[in-house]
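Colleague: I would like to learn how to read a model of this kind. Please take me through it feature by feature.

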Amino acid sequence: MKTTPKDLGLKPMIIYESIVSTLKPDKTPHAAPIGFTLLDDHTIRLRPYKRTITYKNLRRERQGVINIVSEAYLFFETTFPKLVSEKSHSFEPSVKILTPRLAGADAYIEFEVSEINEIDELCEVYCAPLNVVVGCLRPKAITRAETALLEATIHATRIRVFMRMGSIQKAEELLQRILYYKSLVERVAPESKYASALDKLIKYAEELLNRQ
Ligand SMILES: Cc1cc2nc3c(=O)[nH]c(=O)nc-3n(C[C@H](O)[C@H](O)[C@H](O)COP(=O)(O)O)c2cc1C
């Protein structure tokens, strides 16, 4: 029987985080973190910003892969590729579409785009699952270092937006939150890749704030 998104344990109307792979104009893969929501077993909604490479790729190619990964470091790495000297991810061919999937993902959903709504800067992209696959699952213990890195990565993406809007105080507040997550990671995972990722995010955020 065909695997469906619900078989992955996904519940409707919850925003889950994933890394979406798409095809660039030269047909090489691009990967970026994007939240997704299951509306029903035949429809998944993504909400990428219009300015993102991911959105432009989805609009042009009308296909992509939702890669479900439980390693928070991958979210940091794909959001800020320039802060990472050696990438830990690679791609593998998909089954039903040309867009490659992330190698080693816990599960993945190959999809085609069925409808797009452009709402201001944010867009709604409706996706029809074509192939749902559960990868090789290894047990994975939760560490607070990963949730801290995930939150800090999202905050770091918003600092630039606030700086552009002239909301320096809000940008400063985000830096303070990132510094808090750094102190948490220092307690639970000192000298880990999570700690070094936090250092890079702090440097990135401080440079943005010093440029004002
Ligand atoms: C956990 C997480 C979830 C994210 N979710 C979204 C999202 O739903 N939509 C979006 O436009 N950007 C989202 N972002 C930010 C983008 O991944 C980030 O801005 C990315 O660098 C831009 O995508 P691009 O490489 O396709 O231009 C998220 C980032 C993180 C860390």
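The dialogue below goes from the domains to the ligand, then to one helix and a few loop residues.

Modeller: Keep in mind that this is a predicted model.

Colleague: Into which domains is the protein divided?

Modeller: The division gives domain 1 (5–134) and domain 2 (144–210). Their C-alpha centres are 24 Å apart.

Colleague: How many residues of each domain are in contact with the other?

Modeller: On the side of domain 1 there are 7, and they are in contact with 11 residues of domain 2. Sorted by class, the side of domain 1 that touches domain 2 has 6 nonpolar residues, 1 polar residue and no charged ones.

Colleague: Now the ligand. Which residues are the closest to it?

Modeller: A shell of 17 residues surrounds the ligand, and the closest are Ala32, Pro33, Gly35, Thr52 and Thr54. Two or more residues each come from S2, helix H1 (53–61), helix H2 (72–79) and helix H3 (144–165). Of the residues in the shell, 9 are nonpolar, 6 are polar and 2 are charged.

Colleague: Let us turn to H1. Which of its residues are buried?

Modeller: They are Thr54, Tyr55, Asn57 and Leu58. These residues cover an arc of only 165 degrees around the axis, so they are on the same side of H1.

Colleague: What do the buried residues of H1 pack against?

Modeller: They pack against strands: S1, S2, S4 (63–68), S7 (107–119) and S8 (122–134). Thr54, one of these buried residues, is also among the residues closest to the ligand.

Colleague: What follows H1?

Modeller: Arg62 does, and its phi is positive, near 60 degrees.

Colleague: Which loop holds Lys27, and what is its phi?

Modeller: Lys27 is in the loop between strand S1 (15–23) and strand S2 (29–40). Its phi is positive, about 70 degrees, although Lys27 is not a glycine.

Colleague: Is Lys27 buried or exposed?

Modeller: Lys27 has 10 other C-beta atoms within 10 Å. A residue counts as exposed at 12 or fewer, so Lys27 is exposed.

Colleague: And where is Glu191?

Modeller: Glu191 is in the loop between helix H4 (168–188) and helix H5 (193–210). Glu191 is not a glycine, yet has a positive phi of about 60 degrees. With 8 other C-beta atoms within 10 Å, Glu191 is exposed.

Note on methods:
Residues are numbered from 1 along each chain as its sequence is written. This is a predicted model: local features need pLDDT of at least 70, side-chain atom pairs count only at pLDDT 80 or more; totals for chains, interfaces and linings use all residues. Helices (H or I, at least four residues) and strands (E, at least two) are DSSP runs, numbered from the N terminus. A residue is buried if 20 or more other C-beta atoms lie within 10 Å of its own, exposed if 12 or fewer, and partly exposed in between; C-beta atoms are placed from the backbone. A residue is near a molecule or strand if its C-beta atom, placed from the backbone, lies within 6 Å of it. Ala, Val, Leu, Ile, Met, Phe, Trp, Tyr, Cys and Pro count as nonpolar, Asp, Glu, Lys and Arg as charged, and the others, Gly among them, as polar. The arc is that of the directions from the helix axis to the C-beta atoms. Two residues are in contact if their C-beta atoms, placed from the backbone, lie within 7 Å. Domain bounds come from an automatic or database domain assignment.
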